[in-house]
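Colleague: Please take a close look at one part of this model for me. I would like the strand pairing first, then whatever surrounds it.

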Amino acid sequence: MSLEWFDRVSGELQDHLKSICEKYDRNGSMIVERGSKHPRIEFYTELADDERDYFSSLFFDPYNEEFYMESFDPDLGQISKVILSDIEDIIDAVHESFHNYLEEDEGDDDYDYAYEMDMDDENGDLYGPDGENSDIYEIDVDWETPEVTAYIQDNEVEVTYQFGIVQETGDGVLKRINRIRTADDDLIKDETNFIFSKEEASTIIAMIASHMDSLSEME
């Protein structure tokens, strides 16, 4: 198990992203979480009151020495794992995630893509140890609970949660499904997944428990 590749990419990734994307240079930041079973790099933007809005997570498998991202396919109902073999793939993936985040947040798809870098070994840039292209495969999740209803209102709004374990990493998965019945009797379904390590779970539980009295009930 080696973190050399993770540390090299972490050290150079911020400068690469700033140089290819003007919007990221103004708004994007990253933080390295090295202590978990699968180290990761979190990408975020700064909000008011020093809050952070995270838009992408880049994970590293130290045993296989590979970077990957995770995404959920609502049509298949499965989590996909995208292997990123070199620095070019990583930059492209984070760049795309950032602009997708901006598009959802601002409705603005007029972006300035500034791909002017020659990504090769002569420039000292980083490539993956195997030089292979990106690959996609699905992550198996053992769902430990059924869908549990957290909130329901007049058969119009329902929020459910389901907890599972990623078989490969042992990380936890919390799936949230929001179902809304419109006036035309159409059903709108929104599904999100939050993946976290065992070390994170205790911190999350403690933070929520200590602020329960500050939360307002859904109306």
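Modeller: Of the 219 residues in the protein chain, 38% count as buried. This is a predicted model. Its secondary structure comes to four helices and eleven strands. Among contacts with a separation of 6 or more, 45% are between residues 24 or more positions apart. The chain exposes about 13500 Å², and carbon and sulfur atoms supply 44% of that area.

Now the strands. Take S9, residues 157-166, as the reference. Strand S7 (residues 141-143) runs antiparallel to S9, joined by three bridges. Here Trp143 stands opposite Gly164. Strand S8, residues 148-153, also pairs with S9 in the antiparallel sense, over five bridges. Within that pairing, Tyr151 has Val159 as its bridge partner. S8 and S9 form a hairpin with three residues between the strands.

Next comes strand S10, residues 172-181. S9 and S10 are antiparallel and share nine bridges. Glu158 of this pairing has Arg179 in S10 as its bridge partner. These two strands also form a hairpin, with five residues between them. Gly170 sits in the turn and has a positive phi of about 80°. As you read along the strands, keep one rule in mind: in a regular strand the side chains alternate between the two faces of the sheet.

What lies on the surface? Tyr161, Leu174 and Phe194 form a nonpolar patch there. Together they have about 240 Å² of accessible area. Phe194 belongs to strand S11, residues 187-196. Its relative accessibility is 42%, so Phe194 counts as partly exposed: over 50% would be exposed, under 20% buried.

Now the aromatic side chains, away from those hairpins. A pair of aromatic rings is described by the distance of the centres and the angle of the planes. The count comes to twelve aromatic pairs. One of them is Trp5 with Phe67, an edge-to-face pair at 6.1 Å centre to centre and 70° between the planes. This pair links distant parts of the chain. Trp5 is in helix H1 (residues 4-20), Phe67 is in strand S4 (residues 66-73), and they are 62 residues apart. Trp5 has a relative accessible area of 8%, so it is buried. Phe67 is at 0%, so it is buried too. Phe67 also pairs with Phe60: the ring centres are 4.8 Å apart and the planes stand at 50°, so this pair is tilted. Phe60 and Phe67 are both buried.

Ring pairs link Tyr24, Phe43, Phe55, Phe98 and Tyr101. Phe98 leads on to Asn27, with which it is in contact. Asn27 is found in helix H2, residues 22-27. Leaving aside neighbours within four places in sequence, Asn27 also contacts Tyr44, Thr45 and Glu46. Thr45 is 18 residues from Asn27 in sequence, yet their C-alpha atoms are 5.7 Å apart. Asn27 has 35% relative accessibility, so it counts as partly exposed.

Notes. Residues are numbered from 1 along each chain as its sequence is written. Side-chain values use heavy atoms; hydrogens and water are left out. Buried means under 20% relative accessible area, exposed over 50%, partly exposed in between (1.4 Å probe, protein chains only). Contact means heavy atoms within 4.5 Å. Accessible areas come from the Shrake-Rupley method with a 1.4 Å probe; for residues, only the protein chains shown count as cover. Two strands pair if DSSP finds at least two bridges between them. Patches are made of residues with over 30% relative accessible area and no salt bridge: like charges are joined within 9 Å, nonpolar side chains (Val, Leu, Ile, Met, Phe, Trp, Tyr) within 5 Å. A salt bridge is a side-chain nitrogen of Lys or Arg within 4 Å of a carboxyl oxygen of Asp or Glu. Rings of Phe, Tyr and Trp (its six-membered ring) pair if their centres lie within 6.5 Å; planes under 30 degrees apart count as stacked, over 60 as edge-to-face and the rest as tilted.
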